[in-house]
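Here is a short briefing on a structure with its sequence. Look at the picture first, then work through the points below.

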Amino acid sequence: MSILKKALTTAALASALLATTAQAETMRIALVAKALGIGFFEAANKGAQEAAKELGDVEIIYTGPTDTTAEGQIEVINSLIAQKVDAIAVSANDTDALVPTLKKAMDRGITVISWDSGVAPDGRQMQLNPSSSPLIGNMIIKLAADNLPADPPSEVAVLSATTTSTNQNTWIEEMKKVEGNYPNVKVVGTVYGDDLADKSYREAQGLMQTYPDLKAIIAPTSVGIVAAAQAVTDAGKIGQVNVTGLGLPSEMAGHVKSGASKSFAIWNPIDLGYSATMIAYHLAKGDAKAEPGAKIPTGRMGEVTLDDKTEAAMADPFVYDASNIDQFSSIF
Amino acid sequence: MTEHLGRQIPDRLTSPLTRALKSWEALLLVVAVLIFIANSLASPYFLDPWNLSDASFNFTEKAMIAFAVALLIISGEIDLSVGSIIALSSTVMGLAMTAGAGTPVLVLLGLATGLACGAFNGLLVARFGLPSIVVTIGTMSLFRGISYIVLGDGAFTGYPASFGWFGQGYVFWVITVELVIFGFAAIIFGVLLHRTNFGRMVYAIGNNAVAARFSGIRVERVKFTLFLLTGLMSGIAAICLTSRLGSTRPSIAAGFELEVVTIVVLGGVSILGGSGSIIGVVLAAILMGLVTFGLGLMNVPGIVMSIIVGLLLIAVIALPRLWSMARR
């Protein structure tokens, strides 16, 4: 008897849950996270909701698997295909494994874009990167320059990850290309902390000893920037040496408050979710096309331009300083 | 149940649980039908043959393995390395594909790797008498570890188009290749467990391995064969999953082992061994597929979904006990 009762309760529960599904003429855009319960993606959802409110006729379905597996994400996407959503914007757990499922979605007329972590070109119409290497390279040196006197040139050093880190090497290369635009910065050297906290710390100490007049350390790695800020703090050089680069607000909050780092940058997940929604909306509506060279409007973020791999960069990395660190340090 | 020959060993525990277990399959069927009705009443998208066909991927690969694992659990053993066997099989297929192997070779290698992994597990358990839970927790790390060494953070992509048939192909209309494999596997394992001497031996070993040995059953050989079968089914699942994903990463099929065990236990197979049926496992697999797909259609967050599945499982294990306590 109790078994039957349980069965009935389950069914009743299921139908109660189902009954809440609303139907209207609104466009339904699914924002698929790598996994639920990650601050970064929750923040992206906040941005997506903001875009939906602005657009008016959009409903956001924010969903994702419980853990970061491709199989889980495929199950989620299958159920979105079944619901005939208008667009899917996914941050992929696997570049390749999602392709067959997303192809099927596109075959059935669903707009598919990837954002943050991309899908191979066959499986999406466009990929939205949070930023681009030239923008990042420019941003990290600009952050250093903004906090230095206009004259004379100040000594600045770079603390990178490993010598073979593709990302960091590209960003530093891009940074050196635009060094001429910042006459008050003189890059004196690059050291490698291998993305290990203790090695990065020692390398930062070494930099301050080698260059006694050092005014700033640029660390385009989330491990390096924290270690460098700690080294500056421990050496009692807060105010003398500014640490900047790329880091996570949650890890950098203390160092921003202590003044060891005046500002640093990283992508803003809210803007990313906002832009992904805007792009998905315009593509699904048909008033923008995902082809090389195309421009797609992204509301308050301006517009993005697709390159020949149909990828687009959203914007400059977002700058975090004492004014906004508290708001973001709880997010990611 | 007992109108067969006198030497027959009963496949149900002769305890107060018997009555509850007897109707287990019927109950699963009722629940599955109720969920099916609830889903189709509530979601306009549910009763679409194509959608249901897509949804079947939620359980087909896991269920293939669950049949073999059901036999293992009935015999009193367990295999927690099945997800890792998939990873290793898929990696071996990926290596062969990179070397230019065609679809038939890939399939053979996938099956062979599965069998080899199963043989390794079986050898350690049956030959050296090690506890299967310890052995397969070890090989769970070992097999997947090899995949990680081979692939690192890379991936094998570019499987031949004909290889895609297993995981993406249709036999006719909405009936996928995987569904057909699932169906055949259900029939073969059903016959094997319920209609052959081998099946009777599995029950006998699970009920009392010592008595089974004194009755002349070669316990080690049967157990070894069961691990071999589990490896083989994992190999088949690896072919399907790799074909469906069109790529191999070392994290492939992560967490499959627990979902497989969930299906088996939900299907009414006693985790202590000695009882259970294939039809129960089939129904449990379909039930899990319906529940996850139905909740997915309502965009219920995955976290809530796993809570529901967890509660379902606890209820399933607890119910027979509560039942027998209430009768006392």
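Chain A is divided into domain 1 (22–130 + 269–315) and domain 2 (133–266). Their centres, taken over C-alpha atoms, are 33 Å apart. Keep in mind that this is a predicted model. Its scores are ipTM 0.73 and pTM 0.76.

**Chain A overall**

- Chain A contains 11 helices and 14 strands.
- Its C-alpha atoms fill a box of roughly 75 × 55 × 35 Å along the principal axes.
- Chain A has 332 residues, and 51% of them are buried.
- Take the contacts in chain A between residues at least 6 apart in sequence: 71% of these join residues at least 24 apart.

- Strand β1(A) covers residues 27–32, and strand β2(A) covers residues 58–63.
- The two strands pair in the parallel sense, over six bridges.

- In which sense do strands β8(A) and β9(A) pair? They pair in the parallel sense, over four bridges.
- Strand β8(A) spans residues 214–219, and I218(A) has T244(A) in β9(A) as its bridge partner.
- From β8(A), the chain crosses through helix α8(A), residues 222–234, to β9(A). This β-α-β crossover is right-handed.
- In a regular strand, side chains alternate between the two faces of the sheet.
- Strand β9(A), residues 242–245, is covered on both faces. N242(A) and T244(A) are buried on one side. V243(A) and G245(A) are buried on the other.

**Two residues of chain A to find**

- G206(A) sits in helix α7(A), residues 197–210.
- G206(A) and V191(A) are 15 residues apart in sequence. In space, their C-alpha atoms are 9.2 Å apart.
- K84(A) lies in the loop between α3 (70–82) and β3 (87–90) of chain A.
- Phi of K84(A) is near 55°, a positive value in a residue other than glycine.
- K84(A) has 14 C-beta neighbours inside 10 Å, so it counts as partly exposed.

- Chain B has an average pLDDT of 89, and 92% of its residues score at least 70.
- F143(B) is part of helix α7(B), residues 132–151.
- Is F143(B) buried or exposed? F143(B) is buried, because 25 other C-beta atoms lie within 10 Å.
- Which residues does F143(B) touch, not counting those up to four places away in sequence? They are S81(B), S84(B), I85(B), A87(B), L88(B) and C117(B).
- F143(B) and S89(B) are 54 residues apart along the chain. Their C-alpha atoms are separated by 9.1 Å.
- A253(B) lies in the loop between β4 (247–248) and α13 (256–266) of chain B.
- Phi of A253(B) is near 60°, a positive value in a residue other than glycine.
- A253(B) has 30 other C-beta atoms within 10 Å, so A253(B) is buried.

**Where the two chains meet**

- How many residues of chain B are in contact with chain A? There are 43, and they contact 36 residues of chain A.
- Five helices of chain B each supply at least two residues of the side that touches chain A: α2 (24–42), α3 (49–55), α12 (219–245), α14 (278–297) and α15 (302–327).
- The largest share of that side comes from α2(B), with nine residues.
- The residues on the side of chain B that touches chain A divide into 23 nonpolar, 16 polar and four charged.

Terms used. Residues numbered from 1 in each chain as written. Chains lettered and ligands numbered in written order. Predicted model: local features only at pLDDT ≥ 70, side-chain atom pairs only at ≥ 80, totals over all residues. Pairing = 2+ DSSP bridges. pLDDT = per-residue confidence, 0-100. Domains from an automatic or database assignment. Contact = placed C-beta atoms within 7 Å. Nonpolar A, V, L, I, M, F, W, Y, C, P; charged D, E, K, R; others polar. Buried ≥ 20, exposed ≤ 12 C-beta atoms within 10 Å, placed from the backbone. Right-handed = clockwise from strand over helix to strand, strands pointing away.
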